[in-house]
Amino acid sequence: MRKKINKKLLIFIFSILLVALSYLSSPFLINFNEEKKIGFENIISEITGYKVDIKGGIKYKPFPLPKIELSEIHFSKNTENSILDKMNLRVSVHSLFKTSIDYGNIVLEGGEFLIDLEDVKKLSKIDEFKRKKEIKLKNVNLKFFNKANSFSFNSSYGEIFYNNSNITIFNLQKFFIGEVPFNLKFNSNELSINSKKINTKFLLSNLADDNPILKINYNNKIFFPSLQKLYAEFDVKKIDSNFSLKSKVFKTNLLKGDVDILFDVNQNKKINFKGSFEDSKLNKISINELVIFLKNDLNFLSSLFDINFEFIFNNFEFSNSLFENANLNFSFQSGDILVNKINFFSKNNNLEIKGRNVVYEKDNLFLYDLIFQTNNIKKICIDFCENKNLLEKINKENFKLISKGILNINKGKVEVEENFTDNQYNDNQLKLLNANLNSLTLSGNLENLFDISRYFLIY
């Protein structure tokens, strides 16, 4: 009796397995022809808004769960193009025999996927995703673009969760900007981006409010010399086509104060950065790091974006006592640096510099106009002259220098084109001045540019 029961049970189980295998395997009988391919292309195109062309194959895979695998999917919009290696769609078997295909979670794997910044709302709210749906990213480059610019998050892994057509959670566990890995998480009313490698975190909260709050916490070496720590909180506002960031807190290891940033989204996309700082410790800036920054990093930064800077420094500490305050106004313009006005001043001393920094035939050149005035040249010599006998040659307190020329930043060399102290320099005087400046003062080392004592060697 028991043998008959066991036999019937085995037959029943075998029948169930046979039916299940037949059900899972039935899509292999489907011919994924041109009509089916166009159907999948239309589905993806409706979701993304891009032109879609499936160049590779369409395969049905029953295990571990039924799915359709699309390969070599080409996306295009305007002049932008990308190729995604694979896209897997979770499907129910019976829907494959219908005219419209019912699909579930999606996996994007390898290659590149386009994201149009000017139409990003279409991807953040997809009407077709009325039920809960998950999109997984596996080693996908995300290429963001608009009419003017593009940038990529490389080698991205993560998940995007939709509910009622809207993104509810967006996680990127690892994506690269250059060689630096970042993590990104969007959840409900908050967006955070962080990188352990460079010890930095951005947190944008209160996203549903009219005034979100941006927090930045950075503990690492930044491009600017000797700047290693930054903590800032900003109120964020959208005004017409502009985004405004006004600091609630802004402090670094060198300075603290108030910062306003205005970013024009629709017009020239230029950024205006204004900062006012009190009691800054500019004497902590390494001259060696400053020289490296001027030679290697400044021009690179200017090539990334157009931005205008206005800085006010009151009562700063510097490596010399010539100046106590400074106003700086300069701009990045398509890789060039326009110095509208740099003004260092104190009760007795004033230095004004205008000019433009350009790269010409691999030379990093600063074309300058300079005015220096002091009411106490003897006091400066007392503080900085290594040869105190020079004091006997100074027969007045007031001194004014007007100069124009070209500073070769990489070579540590200057060519003075015009110079005026008591009188306008003639050609022979200019030739002698240039020879002395380059041999005695700069000596091919840009660090000497910031050593006040060396200028008295040619007095």
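**Exercise 1. Which residue just after α6 takes a positive phi? Then work through helix α6 itself.**

Solution. Just after α6, S443 has a positive phi of about 55°. Helices here are DSSP runs of H or I with at least four residues, strands are E runs of at least two, and both are numbered from the N terminus. This is a predicted model, in which local features need pLDDT of at least 70, side-chain atom pairs count only at pLDDT 80 or more, and totals for chains, interfaces and linings use all residues. Residues are numbered from 1 along each chain as its sequence is written, and side-chain values use heavy atoms, with hydrogens and water left out.

Step 1, length. The expected span of a helix is 1.5 Å times one less than its number of residues. Helix α6 (residues 427–442) has 16 residues and so should span 22 Å; its end C-alpha atoms lie 21 Å apart, which agrees.

Step 2, bend. A kink of about 25° is centred on N436 in α6; the bend at a residue is the angle between axes fitted to the seven residues ending there and the seven starting there.

Step 3, packing. Buried means under 20% relative accessible area, exposed over 50%, and partly exposed in between, with a 1.4 Å probe and protein chains only. The buried residues of α6 include L430, L433 and L437. Contact means heavy atoms within 4.5 Å, and the buried residues of α6 pack against β22 (399–408) and β23 (413–420).

**Exercise 2. Which cysteines form a disulfide, and what is its handedness?**

Solution. Apply the rule first: a disulfide is a pair of cysteine sulfur atoms within 2.5 Å. The count comes to one disulfide. C381 and C385 form it, with sulfur atoms 2.2 Å apart. Next, look at the torsion about the S-S bond of C381 and C385: it is about -115°, so the disulfide is left-handed. Finally, check burial: both C381 and C385 are buried.
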